[in-house]
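Biologist: I would like to learn how to read side-chain features in a model. Where do we begin?

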Amino acid sequence: MKTPGEISKSQRVRNPRTAGMSVKDHLARVAEEKEHEQRLDTATAAFRRVIGAPGLLERFDADFGGLPPATAHHTPQAA
């Protein structure tokens with residue numbers, strides 16, 4: 001009889017990233033990854049709301065001088 005900590009080969013997840021993990025541990029990792037993705041989605045939405053506010057970029061440019069001028073691609077001229 002197996003002890004609770006022992007896992008049969010058929011119960012192990014067959015995924016190179018989680019090789020040797022129990023199904024329970026694999027599902028816990030997947031749940032953590034999904035929660036992380038949800039937090040990133042929430043943060044991304046908040047960031048987009050903030051940078052999309054009317055006049056924000058203009059105020060930033062006024063306060064901090066804006067972006068540096070675009071550098072032209074320099075093509076060497078034949079001598």
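Modeller: With a definition. A salt bridge is a side-chain nitrogen of Lys or Arg within 4 Å of a carboxyl oxygen of Asp or Glu. Keep in mind that this model is predicted.

Biologist: What is the general idea, and how many salt bridges does a search of the whole structure find?

Modeller: Side chains of opposite charge can pair when their charged atoms come close. The search finds one salt bridge here. K34 pairs with E37, and their closest N and O atoms are 3.8 Å apart.

Biologist: Where do K34 and E37 sit relative to each other in helix α1?

Modeller: They are three residues apart, so about one helical turn separates them. K34 is partly exposed, at 47% relative accessibility. E37 is also partly exposed, at 40%.

Biologist: Now the aromatic pair. How is such a pair read?

Modeller: A pair of aromatic rings is described by the distance of the centres and the angle of the planes. This structure holds one aromatic pair. The ring centres of F60 and F64 lie 4.8 Å apart and the planes meet at 40 degrees, so the pair counts as tilted.

Biologist: Which helix holds F60 and F64?

Modeller: Helix α2, residues 56-64. F60 is partly exposed at 45% relative accessibility, whereas F64 is exposed at 60%.

Biologist: Which residues make the nonpolar surface patch?

Modeller: F47, V50 and I51 make it, and the patch covers about 290 Å². F47 belongs to helix α1, residues 23-51. Exposed means over 50% relative accessible area, and F47 counts as exposed because its relative accessibility is 52%.

Notes
Residues are numbered from 1 along each chain as its sequence is written. This is a predicted model: local features need pLDDT of at least 70, side-chain atom pairs count only at pLDDT 80 or more; totals for chains, interfaces and linings use all residues. Side-chain values use heavy atoms; hydrogens and water are left out. Patches are made of residues with over 30% relative accessible area and no salt bridge: like charges are joined within 9 Å, nonpolar side chains (Val, Leu, Ile, Met, Phe, Trp, Tyr) within 5 Å. Accessible areas come from the Shrake-Rupley method with a 1.4 Å probe; for residues, only the protein chains shown count as cover. Helices (H or I, at least four residues) and strands (E, at least two) are DSSP runs, numbered from the N terminus. Buried means under 20% relative accessible area, exposed over 50%, partly exposed in between (1.4 Å probe, protein chains only). Rings of Phe, Tyr and Trp (its six-membered ring) pair if their centres lie within 6.5 Å; planes under 30 degrees apart count as stacked, over 60 as edge-to-face and the rest as tilted.
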